[in-house]
Amino acid sequence: MGRERSYQKIPIVDTAMRCGLVLNSKTLRRKEVEAACPFCGDHGPGKYHLSLNTDSDQYRCVLCGAHGNSVTLYARLKNLSNYEAYMELAKGGNVYPIPQQPESQYTEPQPRPLAERHAVYSDMLALLSLSEKHLENLSGRGLSAERINYNMYRSMPETEQGRRLLASLLRRQGHDLEGIPGFRTYYGDWTIAGPNGFLIPVRDKDGMIQGLKIRLDDENNKKYRWLSSRNMPHGTRSYSWIHVTGNAQSKRAYITEGPLKGDVASFLSDDALFVCLGGVGAIGNLKQVLMELGVTEVIEAMDMDKMVNPQVRRAVHNIRREVSTIPRIQYRTRIWNPAYKGIDDYYQSLAAAM
């Protein structure tokens, strides 16, 4: 019988340094040392997605999935066989090249066409339900049970098992999840990313679902977030799409911030047409949306903190300037009792007083 070849331990961090990898100095004393991935470029300087395990001397990139051990890392980067790489590493030596941040070879994936996103999201929402706490939240805003059901608000699956099951069911229905914001892979399995909360469909003038926003259960940082899987394996970014709700045939459109706010305000004002920005400054497609709707009058109905908040005041100024470039259109500003911050809050107070 032949004798097995025994290899000495080749420290992964030492190997990474000999390969010129950029290491995160803050992690050098940890079991898992972070480094910039030389294979996918880590999306730019200062990113550390390559994990170096100092116990097993294994590496793995959480973005591109590259993995192996000290020998295979050296072999791949130096274009050597594993045996040649081992022999060079075994010689030792303390001369390391100057670390260079790898150039990214990564091209950020763009969302799939609207029709494909709408198909996936529609089937996804049909598979989900709305929890009691989320139903109570929506009812408390003044929405009827019929409108809540019609708008297709749904609760995010709260367990990883539930999220993987959702992705699996959609794939069984024939959907390709590549390029759909919110979906990603985790060690080869498709799942959906995002915090817990309820989903708000963001639609265009024809009712097509462009994307989804999440109303977060945890409000410590912010209340709303786009469903996105940006910078995740096989993930896709979301854009700040403009939501259209209410009577799309109306010649008068109200502009406010937030799809849920617009849904509520529209419902409480006999389905008035609302054009809802994803953020106070997200007006990139505003002119195009208004022109496609064919409106002749625009009423700005941003939150009443525009009276004291410089950021909102600047946003209102930019909205007015953008709308003014549309020929033959009237522009007005809606003012209400500042005790009610949003137009939805104000309409809800009027409904309660009746």
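This briefing covers the sheets, the helix packing and a salt bridge of one structure.

The model is predicted: local features need pLDDT of at least 70, side-chain atom pairs count only at pLDDT 80 or more, and totals for chains, interfaces and linings use all residues. Residues are numbered from 1 along each chain as its sequence is written, and side-chain values use heavy atoms, with hydrogens and water left out. Helices (H or I, at least four residues) and strands (E, at least two) are DSSP runs, numbered from the N terminus. Two strands pair if DSSP finds at least two bridges between them.

- Four strands make an open, antiparallel sheet in the order 5-8-9-10.
- Strand 5 (154-155) and strand 10 (224-226) each have a single partner strand, so one side of each lacks a neighbour in the sheet.
- Strand 5 pairs with strand 8 (residues 197-203) in the antiparallel sense, over two bridges.
- Arg154 sits opposite Leu199 of strand 8.

**Helices across this sheet**

- Helix 5 (residues 132-139) lies across strand 5, strand 8 and strand 9 (209-216). Contact means heavy atoms within 4.5 Å.
- Helix 5 runs at about 55 degrees to strand 8. Axes are lines fitted to C-alpha atoms, for helices over the stretch in contact, and angles run from 0 to 180 degrees between N-to-C directions.
- Helix 8 (residues 259-267) lies across strand 8, strand 9 and strand 10, at about 75 degrees to strand 8.

- Five strands form an open sheet in the order 11-13-12-14-15, with mixed pairing.
- Strand 11 (243-245) and strand 15 (330-333) are the edge strands, and each pairs on one side only.
- On average, neighbouring strands here are turned by 25 degrees against each other, direction ignored.
- Strand 11 and strand 13 (residues 273-277) run antiparallel and share three bridges. His243 faces Cys276 of strand 13.
- Strand 12 and strand 13 run parallel, joined by five bridges. Ala253 has Leu273 in strand 13 as its bridge partner.
- Strand 12 (residues 252-257) also pairs with strand 14 (residues 297-300), in the parallel sense over four bridges. Tyr254 has Ile299 in strand 14 as its bridge partner.

**Helix against helix**

- The axes of helix 8 and helix 11 (residues 343-353) come within 8 Å and cross at roughly 30 degrees.
- Helix 8 and helix 11 are therefore roughly parallel. Angles under 35 degrees count as roughly parallel, over 145 as roughly antiparallel, 65 to 115 as roughly perpendicular and the rest as oblique.
- Lys261, Val264 and Ala265 of helix 8 meet Ile343, Asp344 and Tyr347 of helix 11.
- The residues of this contact divide into four nonpolar, no polar and two charged. Ala, Val, Leu, Ile, Met, Phe, Trp, Tyr, Cys and Pro count as nonpolar, Asp, Glu, Lys and Arg as charged, and the others, Gly among them, as polar.
- Helix 2 (residues 70-78) and helix 3 (residues 82-90) have axes that come within 8 Å and cross at roughly 105 degrees. They are therefore roughly perpendicular to each other.
- Residues in the contact include Tyr74 of helix 2 and Leu89 of helix 3.
- The contact of helix 2 with helix 3 has six nonpolar, three polar and one charged residue.

**Salt bridges**

- The count comes to 13 salt bridges. A salt bridge is a side-chain nitrogen of Lys or Arg within 4 Å of a carboxyl oxygen of Asp or Glu.
- Glu158 forms a salt bridge with Lys133, with the closest N and O atoms 3.7 Å apart.
- Glu158 lies in the loop between strand 5 and helix 7 (160-172) and Lys133 in helix 5, so the pair ties together parts 25 residues apart in sequence.
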